[in-house]
Amino acid sequence: MIVVRGSPEGEQMLAVLAADGRANLVDLGAAADLTPGRASRRLHVLLRCRVVHLDVETIAAALGYHARANLWLRVHPSAVKSVGRTLAQEPEIAFAAAVSGSYNIHAVAHCRDLDELFEFASERIGPLSGVQSMAVSPLLQQIKPAGTLVSGDRLVEPRSVRARR
């Protein structure tokens with residue numbers, strides 16, 4: 001077991017990564033007054049010990065997925081767990097959760113086009129055992145996924161805090 005203690009170098013590296021998750025080892029090392037090799041080793045320890053978590057956000061349209069939809073499923077209570085697990089295994093499903101209300105499962109699907117979305121929903125999700133009904137809400141335009149601004153199929157540089165003042 002490795003014990004990780006906070007250090008000024010680690011904090012400086014984390015600050016650089018927070019500003020630009022694509023920062024290279026030269027930049028990380030320079031910020032922490034470390035060589036790129038030492039910065040690499042320090043980063044690997046932080047990752048291995050789960051002090052740092054990398055989360056990559058992609059724009060589905062840039063990868064050819066132009067049809068996104070919210071799926072609202074009404075599932076028999078005895079089948080919620082099995083339907084949820086099945087959804088989690090589907091490559092088109094980006095998110096799935098059990099929820100309360102009229103529909104008890106919510107999922108987000110990404111497909112190449114509306115025809116593929118229709119086939120996916122009607123031929124692969126609708127027939128699942130326990131699914132009683134489903135509503136499909138296509139997303140026409142997404143402006144801000146999970147805290148990141150989008151323009152077309154590209155991420156947009158956020159305005160700085162100073163620009164907002």
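**Exercise 1. How many residues does α1 have, and how far does it reach from its first C-alpha to its last?**

Before you start, note that this is a predicted model, where local features need pLDDT of at least 70, side-chain atom pairs count only at pLDDT 80 or more, and totals for chains, interfaces and linings use all residues. Residues are numbered from 1 along each chain as its sequence is written, and side-chain values use heavy atoms, with hydrogens and water left out.

Step 1. Helices here are DSSP runs of H or I with at least four residues, strands are runs of E with at least two, and both are numbered from the N terminus.

Step 2. α1 has twelve residues and reaches 17 Å.

Step 3. The expected span is 1.5 Å times one less than the number of residues.

**Exercise 2. Sort residues of α1 into buried and exposed.**

Step 1. Use the cut-offs: buried is under 20% relative accessible area, exposed is over 50%, and partly exposed lies in between (1.4 Å probe, protein chains only).

Step 2. G10, M13 and L17 come out buried. Their arc around the axis is only 65°, which puts them on the same side of α1. That arc is taken from the directions from the helix axis to the C-beta atoms.

Step 3. Over on the other side of α1, you'll find P8, E11, A18 and A19 exposed.

**Exercise 3. Now try α3: which residues are buried, and what do they pack against?**

Step 1. A39, S40, L43 and L46 are the buried ones in α3. They cover an arc of only 125° around the axis, so they sit on the same side of α3.

Step 2. R41 and R48 are exposed on the other side of α3.

Step 3. Look for contacts, meaning heavy atoms within 4.5 Å. The buried residues of α3 pack against α1 (8-19) and α2 (25-32), while those of α1 pack against α2 and α3.

**Exercise 4. How do β2 and β3 pair?**

Step 1. Two strands pair if DSSP finds at least two bridges between them.

Step 2. β2 (residues 93-98) and β3 (residues 105-111) have five bridges, in the antiparallel sense. I93 stands opposite A109 in β3.

Step 3. Together β2 and β3 make a hairpin with six residues between them, and G101 in the turn has a positive phi of about 120°.
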